[in-house]
Amino acid sequence: MTVRFFHTSDWHLGQFFYNHSRHYEHEQFLTWLLEQIKQKQPHALLIAGDIFDVINPSSQAQKQLYQFLADAHQLAPHMQTLMIAGNHDSGYRIEQVEPLLEKYNAKTVGVIRWNEDKTLNLDRLILPIYDEQKQIVAWCIALPFLRSAEITGFNDQTTNSQNAIAYLHEQLIAEAKRRKTHDQAIILMSHAHMQGGETSDSERPIIIGNEEALSTTLFEDGIDYVALGHLHKPQKVGQTHIRYSGSPIPLSFSEINYKHQVVEVTIHPEQKDDPYFQFEALEIPRSVQLHKIRGELTEVMQQLKSLPSEVIESIDQREYIDIEYHTLTPPQPNLRQQFENALPPDRYRLVRISRQYLSTENSAEQQQQIHLEPPTPEKLFQQIWEKKGYHADDEVKKDFMSLVAQAQQQLEDQHKS
């Protein structure tokens, strides 16, 4: 038997980009994805976490997801949509709508659940994938973002996060292997930061038990495909069948050159030689362009004036501009207005300006970066730590980010209660 599915992740529905809604861009992506579903008729659509941008998404963002699920089900009634919660999602929230999701042949796994005897609830985490004839063609291990409070302290194997993570993978993979037949595939879907993955500046650090990145050794032989979420750049991690699909739109200016995509995967479990596993990157058209302009002030002004000038009527469709200008002197008070005046009218949104002072004291090449935006907790900690004369090594940073993660979890728990 053959299983065909789409792998996507990190939609971040409801995101605001420097106070500008991405609703239009997400709508264009979802329209494109519906056309791919209509044409290719996959057995399943896997969404590997960070469906929403915040744990309490707006009604508009939720409507956008549920309308997509309804439209997808109409175009491909046999297709299952399997979703897991990411670190931006509330696992409990996305599980609350299970009765609605069932109508659209969709399932979601938001949290790890345990039985009364402290064993892992395997049935909620190992999901069958069916073909058009309702035959099981694959088993999908669905692992949402693993929060320490949800996986530790349940039995002797979960005394700390590292033990719990290893225990979860061992139990789930063993049970999936027990359930599968020789002509069925095993897919593992997970929202995690894997060692060796290339990051951008828009991903929130996720730390579990003082460990930021997990090892691919958690994935045993016998898993046919690992569908990962969290990192926004499409990439493999170590082996071809362990992949991040990446986000469907650029979520920061550092992602301008990413080739955003949905991964189409075909697995023939009975063929243990080529072409047993095949994948194709379906490149997502970019509906709104991003431009990063760098250089001396005169160069920046010239680049702005030379940009395409055709008017874009809708504000939501106008292109984003990020300016980084280099200078030896403090900025003029009306500099932003000068940039705005240099831009062709009614086409662009100037969302970010930063300056880079050029120092002449030690070396003409020495530069001090100053950003006109709020620092992240990690950057703020590093600045304060270094001001005190200390060196913030990797262990110190890990300890600090672990504390940040715990504080964030406490805020989320308070929100739930």
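Predicted model: local features only at pLDDT ≥ 70, side-chain atom pairs only at ≥ 80, totals over all residues.
In which handedness of crossing, left or right, does H1 pass H2? I started my notebook with that one, and I found that H1 passes H2 in a right-handed crossing.

**Entry 1: the H1 and H2 pair**

I looked up how the two helices sit together. Helix H1 covers residues 23-40 and helix H2 covers residues 59-75, and they pack at an angle of about 15° with their axes 10 Å apart. Angles under 35 degrees count as roughly parallel, so H1 is roughly parallel to H2. Next I listed who does the touching. From H1 I noted His-23, His-26, Glu-27, Leu-30, Leu-33, Leu-34, Ile-37 and Lys-38, and from H2 I noted Gln-60, Gln-64, Phe-68, Asp-71, Ala-72 and Leu-75. Sorted by class, that contact has 7 nonpolar, 4 polar and 3 charged residues.

I zoomed in on one pairing: S1 and S4 (residues 44-48) pair in the parallel sense over 4 bridges. For Thr-8, the bridge partner in S4 is Ile-47.

**Entry 2: the other sheet**

There is another open sheet of 6 strands to write up, also with mixed pairing, and its order reads S7-S8-S9-S10-S12-S11. Its edge strands are S7 (126-130) and S11 (235-237), each with pairing on one side only. Neighbouring strands here are turned by 30° against each other on average, direction ignored. I checked which helix packs on this sheet, and it is H6 (residues 161-179), which touches S7, S8 (136-143) and S9 (185-191). The direction of H6 makes about 170° with that of S8. Over at the S11 end, 3 bridges join S11 to S12 (residues 239-244), and the two strands run antiparallel. I also spotted Lys-236 standing opposite Arg-243 in S12.

**Entry 3: aromatic rings**

How many aromatic pairs does the count come to? I got 13 aromatic pairs. I picked out Phe-5 and Tyr-225: their ring centres are 5.5 Å apart and their planes are at 65°. Planes over 60 degrees apart count as edge-to-face, so that is what this pair is. Phe-5 lies in S1 (residues 3-8) and Tyr-225 lies in S10 (residues 225-229), so the pair ties together parts that are 220 residues apart in sequence.

**Entry 4: the H7 and H8 pair**

My last stop was another helix pair. Helix H7 (residues 297-305) and helix H8 (residues 335-342) pack at an angle of about 35°, and their axes are 8 Å apart. On the H7 side I wrote down Leu-297, Val-300, Met-301, Leu-304 and Lys-305, and on the H8 side Leu-335, Gln-338, Phe-339 and Ala-342. By class, this contact splits into 7 nonpolar residues, 1 polar and 1 charged.

Conventions. Residues numbered from 1 in each chain as written. Heavy atoms only, no water. Pairing = 2+ DSSP bridges. Axes fitted to C-alpha atoms, helices over the stretch in contact; angles between N-to-C directions. Contact = heavy atoms within 4.5 Å. Parallel < 35°, antiparallel > 145°, perpendicular 65-115°, else oblique. Left-handed = near helix turned anticlockwise from the far one by under 90°. Nonpolar A, V, L, I, M, F, W, Y, C, P; charged D, E, K, R; others polar. Phe/Tyr/Trp six-rings, centres within 6.5 Å; stacked < 30°, edge-to-face > 60°.
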